[in-house]
Amino acid sequence: MTVLYLLSIFGLFIVKKAKFARYILWGGIFLLLNLMPQHWMRKELIFLLPFFVTAIAFSMKSWERIPTWIGISAFILYLVCLQYFTFEDTMYRMSDEFFSKEYHYHAILRYTIGFLGIISAFWICKYASRIPHLSNAITYIGGLTLPIYVIHQNILLVNTYTKIFTDNIFVILFSTIIIIAVSIGLYLILRRELHIRLLLFGEQ
């Protein structure tokens with residue numbers, strides 16, 4: 001959350017002050033972060049920055065105009081690339097050796113999957129938004145991202161003891177749905193207490 005807050009501040013400044021050169025400036029910042037020595041939240045910034053900039057770019061376009069062939073192609077490629085994605089490609093295993101082949105292999109795979117996933121998600125939402133109940137459910141979950149983020153981390157701590165790991169995308173997808181549902185359920189219970197609601201979720 002701290003990283004997203006910092007990126008939001010920088011993003012607002014760059015969008016307002018560097019309207020025509022903003023992507024060049026973002027690219028320079030990204031390169032500088034990669035060349036800098038390890039420091040506080042460096043990996044988080046490197047990991048999130050490209051997706052943050054992509055979100056800004058998409059927000060300036062109408063995602064409903066994504067052609068069907070692009071949506072289908074992106075989704076198929078996304079599923080194919082996922083077969084090669086492992087825990088070694090995550091932010092937690094990012095190498096600091098910017099000039100190594102291993103660094104760029106994992107970075108290219110990570111960002112390719114991320115960008116294909118973004119395009120796929122926008123394309124799917126294009127049709128999901130036309131289904132009232134599904135659209136309302138997605139909107140509701142989207143409004144609870146902070147509570148889900150806060151609570152799900154505690155749920156994941158269980159795996160410290162169970163030590164269950166898998167690369168099976170279907171198991172991961174099913175587990176994600178369960179964790180989100182449990183997080184929402186716990187949020188609805190916890191928010192009944194005024195002090196917990198204020199301290200954990202910033203709600204009055």
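Colleague: Why is R110 called buried?

Modeller: R110 has 5% relative accessibility. Buried means under 20% relative accessible area, exposed over 50%, and partly exposed in between, with a 1.4 Å probe and protein chains only. The value for R110 is 5%, so R110 counts as buried. This is a predicted model, in which local features need pLDDT of at least 70 and side-chain atom pairs count only at pLDDT 80 or more, while totals for chains, interfaces and linings use all residues. Residues are numbered from 1 along each chain as its sequence is written, and side-chain values use heavy atoms, with hydrogens and water left out.

Colleague: Where does R110 lie, and which residues is R110 in contact with?

Modeller: R110 is part of helix α5. Contact means heavy atoms within 4.5 Å. With neighbours within four places in sequence left aside, R110 is in contact with F47, F51, D89, T90 and M94.

Colleague: What makes R191 partly exposed?

Modeller: R191 has a relative accessibility of 34%, and therefore counts as partly exposed. R191 sits in the loop between α9 and α10 (194–201). Not counting residues up to four places away in sequence, R191 touches R197 and E203. R191 and F201 are 10 residues apart along the chain, and their C-alpha atoms are separated by 8.3 Å.

Colleague: Why is α4 called oblique to α5?

Modeller: The axes of α4 (residues 68–82) and α5 (residues 101–128) come within 8 Å and cross at roughly 135°. Axes are lines fitted to C-alpha atoms, for helices over the stretch in contact, and angles run from 0 to 180 degrees between N-to-C directions. Angles under 35 degrees count as roughly parallel, over 145 as roughly antiparallel, 65 to 115 as roughly perpendicular and the rest as oblique. The angle of roughly 135° therefore makes α4 oblique to α5. The contact involves residues of α4 including I70, F75 and L82, and residues of α5 including L109, W123 and Y127.

Colleague: How many residues of that contact are nonpolar, polar and charged?

Modeller: In the contact of α4 with α5, 15 are nonpolar, five polar and none charged. Ala, Val, Leu, Ile, Met, Phe, Trp, Tyr, Cys and Pro count as nonpolar, Asp, Glu, Lys and Arg as charged, and the others, Gly among them, as polar.

Colleague: What makes α7 roughly perpendicular to α9?

Modeller: Helix α7 (residues 145–156) and helix α9 (residues 169–190) pack at about 110°, and their axes are 9 Å apart. That angle is why α7 counts as roughly perpendicular to α9. Among the residues making the contact are P147 and H152 of α7 and S183 and Y187 of α9. By class, the contact of α7 with α9 has 12 nonpolar, two polar and no charged residues.

Colleague: How many helices and strands are in the protein?

Modeller: The protein has 10 helices and zero strands. Helices (H or I, at least four residues) and strands (E, at least two) are DSSP runs, numbered from the N terminus. Of its 204 residues, 28% count as buried.
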